[in-house]
Amino acid sequence: MLDPQRSPQPITMDDWYKCPLDRKVLKEVTRRNDRDALLRFGGFIALVVAAGVLAWCSLGTLWCVPAFLLYGTLYAFAEAMEHELRHRTPFKSEWLNETVHWLICFMTWREQIYSRWSHAQHHTYTHLTATVPQDVEIAVKRPPNYLKLATDFLRISHGIHHLGNIVLHSVGIVSKSAKAVVPPVEYRAMRRNSRVILALYVAVGVWAIVAHSWLPVVFLLLPRSYGAWLHELLAITQHTGLRENELDHRFSTRTLRLSRPLQFLYWNMNYHVEHHMFPNVPFHALPKLRRAIEADLPPACDGLSSAWAEILHVFRMQRHDPDYMITPAVPGAAPREKGRCDEHPAVA
């Protein structure tokens, strides 16, 4: 464990523990292909379009509330795909990764370059708070800020951060957060991307004004907010409540067992320990990777309810002890406070 009282040396990916994995298996699970990604992407877009048609047909009736909630909930899972595209792992063809990333960034209020570099720092410094720099993507800090946590389900702070960056970068001002993670050589491209995305958002706004209707905004810009709840319930489980300052993802990252529909929408990101340990493995190979290294991993949480039961337990304990964290039952690890994911029934 890193000592917060010392000034640690810079961290690299080589400093992290990796489970033993046969070289042949590693080569197999890191192989990308366009077919799996196109099927997943096509299926996701088809679901969003179908839900959008349902929402459109429900206008003027009381059914519009559940219909738009369904549409927004599906739409918001574009965030899971955007995460994969940051890694450039879904498609074998680089032009497909880049092309689809433009669409998904529009849907998720993000700009590609800042998003990729910020996430690269998250992978290098996962749940590290005793280092300089630190993990810039910690979802819930200790002790938890409950107001921020509640508003995260509407993507308030996310929107202020990312949309604010897009506006600043569009006018040539590099934000403080971008300066911390993005190399200067990338500023020009980041500014160009931001201007294109901002122009698209402005175009949607102009469309709404000309049409005298909020529908373009409700269908294209706001679903990432009003539909965020389910994706956020999943995303917050990735690291929250687990140990900080450990150079071993088995202590700081949580894997969940989920139903197939949720795994489909979530792009297999429930296999999160595996993803952090081997970030070059594409989404479709994560279940196989899990099977290959499972003996060296802590037990997976049995569903979303199990993970949140553990997180809420941590929140209760942190009211009295802000330093309280749970240590997963890692094989061979010295016993500390351990999670009990397998004691809670699954609901997802």
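Predicted model: local features only at pLDDT ≥ 70, side-chain atom pairs only at ≥ 80, totals over all residues.

Biologist: Let's start with V181: what makes V181 count as buried?

Modeller: Residues are numbered from 1 along each chain as its sequence is written, and side-chain values use heavy atoms, with hydrogens and water left out. Now, buried means under 20% relative accessible area, while exposed is over 50% and partly exposed in between (1.4 Å probe, protein chains only). V181 has 11% relative accessibility, so V181 counts as buried.

Biologist: Where does V181 sit, and which residues is V181 in contact with, leaving aside its neighbours within four places in sequence?

Modeller: V181 belongs to helix α9, residues 176-181; helices here are DSSP runs (H or I, at least four residues), as strands are (E, at least two), numbered from the N terminus. Contact means heavy atoms within 4.5 Å. Leaving aside neighbours within four places in sequence, V181 touches Y114, W117, S118 and Q121. There's also P133, 48 residues away from V181 in sequence and 9.2 Å away in space, C-alpha to C-alpha.

Biologist: And H87, why is H87 called buried?

Modeller: H87 comes in at 19% relative accessibility, so H87 counts as buried too. You'll find H87 in the loop between α4 and α5 (94-108). Beyond four places in sequence, H87 is in contact with H119, H123, H275 and P279.

Biologist: How do you know that α4 is mostly covered?

Modeller: Nine of the nine residues in α4 are buried. Among them are A78, M81 and L85, but also E79, E82 and R86.

Biologist: Why are α4 and α6 called roughly perpendicular?

Modeller: Axes are lines fitted to C-alpha atoms, for helices over the stretch in contact, and angles run from 0 to 180 degrees between N-to-C directions. Under 35 degrees counts as roughly parallel, over 145 as roughly antiparallel, 65 to 115 as roughly perpendicular, and the rest as oblique. Helix α4 (residues 78-86) and helix α6 (residues 112-124) pack at about 80°, their axes 9 Å apart. The two are therefore roughly perpendicular to each other. On the α4 side, E82, H83, L85 and R86 meet S115, R116, H119 and H123 of α6.

Biologist: Which side chains does R250 meet in salt bridges, and why does the pair with D296 tie parts together?

Modeller: R250 meets D248 at 2.7 Å, N to O, and D296 at 3.2 Å. R250 lies in helix α14 (residues 249-252) and D296 in the loop between α17 (286-293) and α18 (304-318), so the pair ties together parts 46 residues apart in sequence. R250 and D296 are both buried.

Terms used. Salt bridge = Lys/Arg side-chain N within 4 Å of Asp/Glu carboxyl O.
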